[in-house]
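Please open the structure in your viewer and keep the sequence beside it, ready to select residues by number.

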Amino acid sequence: MALQQTQAQAQVSVVVIGYDDAAHVADAVRSALAQGPAVREVIAVDDCSTDDSGELLERLAEDEPRLRVMRRQSNSGGCGTPRNDGLDAATSPYVMFLDSDDVLPPGAVDALLGAALEHDAPVASGLCVRRELPSGRETPWQPELYARRTLVEDPSRRVRLAHDTLCVNKLYRTTFLRDHAIRFPEGRFPYEDFVFGARVLAAVPRVALVPEPVYVWNVRRSAARLSISLDRSGIANWRARTEADRLSYDILLGAGEKQLARATRTRFLDHSLRMYARELDLRGTEYRREWWALTRAHLAAFDEGDFAQAPAPGRVVARVVLAAEEPRDLARLKEIAARPARLTPPYARAGDGSPVWSADLPQVELDHLLVRPVHLLPAAVDAELRPRARGTVLRLRLHELYGRMAEAGPESVEVEFTERKDGRVGFAGTAPLAAETEFDSWTADVPMDLTALGSGTWDLRLRLRFADGGHRETTAHALAGAGLLRRSALPSTRHGVLLVQPYATHAGALALRLAPGWRGLTEVVRRRLKRLLH
């Protein structure tokens, strides 16, 4: 009787794929097996690894009857083919996917399976957590979708589903995938989950959403071999991403799901376009030209309705790219593409006085800035940190924005430095904003004791307070001139010495690295020398 009950509960196949990942694949497999009796089998598909991944999996299988190992005879070059192999081999009513360098948190399968069974839903989806390693910092992926437990009867009623492009935080009814011939693109096809997800939504399943974390996506940016999605340094990555977006749109539009198709373009404008625009100044001249040309060609297929659905920052970036034949204004594009968006000076106007991107690109209109509420305005605050032995001062300058700042009445700014690894607040303070009419701006000086922060990387967050009761949460643009981002060593009664490094993030925001004590100073110098030697 107990055996029959266990078999009745065993309804899920977990397909784990991997290539040359002996360091992590065992942890992934164990996390799937640890889900309990709901997992009938774990199918580990090794994509013809050249390390000892395959042998390691087979040794694990010797002691675990639920583990099946499939070893491909040739490398597929991507994630789609091994996932399809696992899907073809699955014998359970439900299937889910797991990458070899990630893990399933405890209770993930039970949460998804319970929701699928309760609502008779072909798809159940839960919260994915991105975990930055080695820091351990965690960020929820698409948290607004998973705020509460719910059933979506028709995906077109929740178009935000198209924004969650992951296939790994979901449980699928196996017959649903097979009956609709839903598979991953074969071979080397980066962003294969974009296309797979579009095929799933095009079949119009009921989707059960659960708020529980069901997948831990380990992000290893320092790995010797970056994952396909993280390796954005080559133009082939952007070409693949735009192609996956185009195919997703075509699949959904071909299925008559116009709103979901349009949501893929909103996703592109608000996520992909902004993310890559923030990184353009890290790339070479040739990459920028190719990126610009590819992006213009992709955006040329968008209509006004596609642009209208997207948040303003992505729309502005797209309009600038379409308006200029060659890359330009990259520094300003990085700022408007940031999260939160910042529109830095100069602030141009057309002949009729309406706001425009620049005098050279007056066709990029910014009329939306005149009507948006203050908490959504891309307010620009410059920041400079001047470390001093007798007291460090953070100087902030808020720029006027087509009269909207003065209209709201800037009163004060709340300053907060949070440690990037664990999110703890190391410094918080408030300072009044004083008008400087000569420069059409408001300034605040915030005294700081850097020695109280301690070691780590610290991000600056601001909350602007206005006389009309409104506020705007934002970051600050890091001023880089006149040695403002220069490393300095301060004497410290607490640490002996404190090494201070203000710097600009990829999005142009001011952040701070601190290394207290002679030991910390030595370690920073050692790492610096190592980088120079390599």
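What follows is a short tour of charged side-chain pairs.

This is a predicted model, in which local features need pLDDT of at least 70 and side-chain atom pairs count only at pLDDT 80 or more, while totals for chains, interfaces and linings use all residues. Residues are numbered from 1 along each chain as its sequence is written, and side-chain values use heavy atoms, with hydrogens and water left out.

The structure holds 42 salt bridges, a salt bridge being a side-chain nitrogen of Lys or Arg within 4 Å of a carboxyl oxygen of Asp or Glu.

Begin by selecting Asp27 and Arg30, which form a salt bridge whose closest N and O atoms are 3.9 Å apart. Both lie in helix 2 (residues 25-33), 3 residues apart and so separated by about one helical turn; helices (H or I, at least four residues) and strands (E, at least two) are DSSP runs, numbered from the N terminus. Asp27 is partly exposed, with a relative accessible area of 44%, where buried means under 20%, exposed over 50% and partly exposed in between (1.4 Å probe, protein chains only).

Select Arg183 and Glu186 next, where the side chains meet in a salt bridge at 3.8 Å, N to O. Glu186 is partly exposed at 46% relative accessible area, and Arg183 is partly exposed at 29%.

Then move to Arg397 and Glu436, whose side chains meet in a salt bridge at 2.7 Å, N to O. This pair links distant parts of the chain, with Arg397 in strand 13 (residues 392-399) and Glu436 in strand 16 (residues 434-436), 39 residues apart.
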